[in-house]
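Let's take a look at this one together. We'll start with confidence, then turn to charged pairs and a surface patch.

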Amino acid sequence: MNLAQQFETLSELARNGEVLPFWQDVFVKFYQAFLYEDRWTQYIQGVGTTLLVTAMALAIGVILGSVVALVRVTHDQQRRRRNPVLGVVNAVLKVYVTVIRGTPMMVQLLIMSMVIFASSRNYTMVGALTLGINSGAYVSEIIRGGLMAVDPGQMEAGRSLGLDYLTTMVRIVIPQAIRSILPSLGNEFIILLKDTSLITTIGGKELLYAAQGVMNRTYEAMFPLLGTAAIYLVLVMIFTWLLGKLERRLAQSDRR
């Protein structure tokens, strides 16, 4: 008797009111959650969407955070003449960072989906955009802290060699800052990966959405949720391993 036949037999017994032994009950629930009607494919599709949303939000967050950090650092490093335009932009960016860091992610998702993009039905992309904007505020503070931590003499040395401000920042200051902020950035990216589960609340079709679909058919929550948690854990462990390899490679390049 194969697994499908065993499942059908045990399911029929359960429907007739017979109490199954513990291991048989676990088998039925596990089969319902992952194997029946190839439901495991729904989880795979959910993982694909989760990784896509994470990648999009990561790209938005890094680009937005880098721009915000560079503008704010440039403004803070002005000495003699204060650029009024830069001052206005800096003030706007400070408001952006304060608002995003001071309000819950869930509220931001609801505002984006029900107010700003109320006419859109592509909730997954709305969720990715919201996550990216949220991440950008935190990434900007991480990058800004790393840039401000670099010895000011590095900037002065680059300028004394005839390099302009942007060239000095890109070639001298930023490479040094990256090494110090990499652990914090890695932690932020891991949080971003896990936060993708929140877009289910607005209809985003990622991993948790797939698990909820299975739960609604089986009326059983344990295995879909445990399976989802295990998948997230594996993804985080893989990302942490990759981040560790990158950190070790940067450390080796410093010693050479």
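pLDDT is the predictor's own confidence in each residue, on a scale from 0 to 100. You need that here, as this is a predicted model. Across the protein chain the average is 87, and 98% of the residues score at least 70.

## Lys 29 and its two partners

The structure has 7 salt bridges. In one of them, Asp 25 pairs with Lys 29, with their closest N and O atoms 3.2 Å apart. The two sit 4 residues apart in helix α2 (residues 22–35), so about one helical turn separates them. Asp 25 is partly exposed at 28% relative accessibility, and Lys 29 is partly exposed too, at 24%.

Lys 29 also bridges to Glu 220, the closest N and O atoms being 3.7 Å apart. Glu 220 is in the loop between α9 (207–218) and α10 (222–255), so this pair ties helix α2 to a part 191 residues away in sequence. Glu 220 counts as buried, because its relative accessibility is 18% and the cut-off is under 20%.

## A network of charges

Asp 76 and Arg 144 form another salt bridge, at 3.6 Å between the closest N and O atoms. Asp 76 lies in helix α3 (residues 40–76) and Arg 144 in helix α6 (residues 123–149), so the pair links parts 68 residues apart in sequence.

## A nonpolar patch

A nonpolar surface patch of about 690 Å² includes Met 106, Leu 110, Met 114 and Phe 117. Met 114 is in helix α5 (residues 105–116) and is exposed, at 58% relative accessible area.

Conventions
Residues numbered from 1 in each chain as written. Predicted model: local features only at pLDDT ≥ 70, side-chain atom pairs only at ≥ 80, totals over all residues. Heavy atoms only, no water. Patch = residues over 30% accessible without salt bridge, like charges linked within 9 Å, V, L, I, M, F, W, Y side chains within 5 Å. Areas by Shrake-Rupley, 256 points an atom, 1.4 Å probe, with all protein chains shown as cover. Salt bridge = Lys/Arg side-chain N within 4 Å of Asp/Glu carboxyl O. Buried < 20%, exposed > 50% of the residue type's maximum accessible area, 1.4 Å probe, protein only.
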